[in-house]
Every structure is written in structure tokens, then in C-alpha cells.
Amino acid sequence: MPVGLTGAEVMIAANQLRIALNRAGVSVLRVGCEAVGETVFNSVVASAGSKAAATERALAAHLAWVWERYGWV
């Protein structure tokens, strides 16, 4: 939960996003999360030299899944 918003504010923002996506004809095909353990995170940071590399690793895995599932669209 974002600490800068209350639960009610998050719900309002989510509803506004839902309405905007609906109007634009956009739908969510998949929602996912990848947990990166401390050992893996520290290893990635040590080898790549930045914390952002751990995010990049997860994003690359997600994009590979999208590519394999849907191909180039």
C-alpha cells in the first residue's frame, strides 16, 4: 500500500483508472508479481552494480513471457 495515500484514495484512483481504460478499450490480460529473494537480489546488485538491475531482470522475464504468449502484436 502506498504510504502517501489512504486506502480510500487508492480505491478512488483505481476506479478512475478502470473507467479511463474502459473508455479507451483497454483491458488487462494478466497481472503478475515476481518475488526476488534477498540472495538473488544481492547477487544481481553485486554483478550488475545497481538495484535497478533486479527490476530490469524481472521486467525482462515478463516481456519474454508476453512475447512467447502473444508474439509481436
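**Figure 1. A first look at the whole chain.** Helices here are DSSP runs of H or I with at least four residues, numbered from the N terminus, and A20 sits in one of them, helix α1. What you're looking at is a predicted model. The C-alpha atoms fill a box of roughly 45 × 35 × 15 Å along the principal axes. The radius of gyration is 17 Å, whereas a compact globule of 73 residues would come in near 11 Å.

**Figure 2. How confident is the prediction?** The mean pLDDT of the protein is 88, and 95% of its residues reach 70 or more. Which helix has the highest confidence, and which the lowest? Helix α1 (residues 7-23) is highest at 94, while α3 is lowest at a mean of 88.

Figure 3. The 17 residues of α1 should span 24 Å at 1.5 Å a residue, and the end C-alpha atoms are 25 Å apart, which agrees. Just after α1 comes G25, with a positive phi of about 75°.

**Figure 4. Helix α3 from end to end.** Helix α3 takes in residues 52-70, which makes 19 residues. From its first C-alpha to its last α3 reaches 26 Å, close to the 27 Å expected at 1.5 Å a residue. Next along is G71, which follows α3 and has a positive phi near 70°.

Figure 5. Which residues of α3 are buried? They are A53, A54 and A58. These three cover an arc of only 150° around the axis, which puts them on the same side of α3. What do the buried residues of α3 pack against? Their partner is α2 (38-48). On the face turned away from the buried side you'll find the exposed residues A52, T55, E56, L63 and W67.

Figure 6. H62 is another residue of helix α3. With a relative accessible area of 32%, H62 is partly exposed, since buried would need under 20% and exposed over 50%. G32 is 30 residues apart from H62 along the chain, yet their C-alpha atoms are separated by 8.6 Å.

**Figure 7. One pair of aromatic rings.** The structure holds one aromatic pair. W65 and Y70 have ring centres 6.0 Å apart and planes at 75°, so the pair is edge-to-face. In general, you describe two aromatic rings by the distance of the centres and the angle of the planes. How accessible are the two partners? W65 is partly exposed, at 29% relative accessible area, and Y70 counts as partly exposed too, at 33%.

Notes: Residues are numbered from 1 along each chain as its sequence is written. This is a predicted model: local features need pLDDT of at least 70, side-chain atom pairs count only at pLDDT 80 or more; totals for chains, interfaces and linings use all residues. Side-chain values use heavy atoms; hydrogens and water are left out. Helices (H or I, at least four residues) and strands (E, at least two) are DSSP runs, numbered from the N terminus. The expected span of a helix is 1.5 Å times one less than its number of residues. Buried means under 20% relative accessible area, exposed over 50%, partly exposed in between (1.4 Å probe, protein chains only). The arc is that of the directions from the helix axis to the C-beta atoms. Contact means heavy atoms within 4.5 Å. pLDDT is the predictor's confidence in each residue, from 0 to 100. Rings of Phe, Tyr and Trp (its six-membered ring) pair if their centres lie within 6.5 Å; planes under 30 degrees apart count as stacked, over 60 as edge-to-face and the rest as tilted. The radius of gyration is taken over C-alpha atoms; the globule rule is 2.2 Å times the number of residues to the power 0.38.
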